[in-house]
Amino acid sequence: MRRNIVILGIIISTIAVVMILIGIGGTIQAENALFANHLNSNTYQQQVNTYATVGGFGIIFLIIGIPLTLIGLVLKSKEQKQISSTRRCPKCGREIPFDAVVCPYCQYDFK
Ligand SMILES: [Zn+2]
């Protein structure tokens, strides 16, 4: 589950970077075509708008993707910490602190 959040975040971030690159690359290409008189200014404007939209969505994806990755990593490390600092009560089978002397749920004495 935690790993899925990390993977989802990385996928969204990767798509975001690709979209931003397409946006920037397309804008530069359109600009070059305009200067070389391969495009009239209307077509140029249309292309720039399209690429700006793609790039804009890319930035939104990046804003979602990076925090999602970080949240996933934090949750994962927290979960791992929790696993290593707890153990199971032999009587009631619940997760208890690793250094507990008495089970907080069933009062089982470990001594
Ligand atoms: Zn117990």
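This is a predicted model: local features need pLDDT of at least 70, side-chain atom pairs count only at pLDDT 80 or more; totals for chains, interfaces and linings use all residues.
Two residues are in contact if their C-beta atoms, placed from the backbone, lie within 7 Å. With that in hand, here are the views.

Figure 1. Residues are numbered from 1 along each chain as its sequence is written. Helices (H or I, at least four residues) and strands (E, at least two) are DSSP runs, numbered from the N terminus. From that end, the elements follow the order α-α-β-β. The C-alpha trace spans about 85 × 15 × 15 Å along its principal axes. The protein has a radius of gyration of 26 Å, whereas a compact globule of 111 residues would have one near 13 Å; this radius is taken over C-alpha atoms, and the globule rule is 2.2 Å times the number of residues to the power 0.38. Of the contacts with a separation of 6 or more, 57% join residues 24 or more positions apart.

Figure 2. The predictor's confidence in each residue is its pLDDT, from 0 to 100. The protein averages 91, and 98% of the residues score at least 70.

**Figure 3. Helix 2 and its buried residues.** This helix has 44 residues and reaches 63 Å from its first C-alpha to its last, close to the expected 64 Å; the expected span is 1.5 Å times one less than the number of residues. Tyr51, Gly55, Gly58, Phe61, Gly65 and Gly72 are the buried residues here. A residue is buried if 20 or more other C-beta atoms lie within 10 Å of its own, exposed if 12 or fewer, and partly exposed in between, with C-beta atoms placed from the backbone. An α-helix has 3.6 residues a turn, so residues three or four places apart point the same way. Across the protein, buried residues make up 11% of the 111 residues.

**Figure 4. Valine 54 in helix 2.** Valine 54 counts as partly exposed because it has 19 C-beta neighbours inside 10 Å. Not counting residues up to four places away in sequence, valine 54 touches Met19, Ile22 and Gly23. Threonine 69 is 15 residues from valine 54 in sequence, and their C-alpha atoms are 22 Å apart.

**Figure 5. Asparagine 37 in the loop between helix 1 and helix 2.** Take a look at the backbone here: asparagine 37 has a positive phi of about 65° although it is not a glycine. Asparagine 37 is exposed because it has 7 C-beta neighbours inside 10 Å.

**Figure 6. Threonine 86 in strand 1.** Leaving aside neighbours within four places in sequence, threonine 86 is in contact with Glu95, Ile96, Pro97 and Phe98. The C-alpha atoms of threonine 86 and proline 97 are 4.5 Å apart, although eleven residues separate them in sequence. With 15 C-beta neighbours inside 10 Å, threonine 86 counts as partly exposed.

**Figure 7. Glutamine 82 in helix 2 (residues 41-84).** Glutamine 82 is exposed, with 10 other C-beta atoms within 10 Å. Its C-alpha atom is separated by 9.7 Å from that of phenylalanine 98, 16 residues apart along the chain.

**Figure 8. Glutamine 107 in the segment after strand 2 (95-97).** Glutamine 107 has a positive phi of about 65° although it is not a glycine. Glutamine 107 is exposed, with 10 other C-beta atoms within 10 Å.
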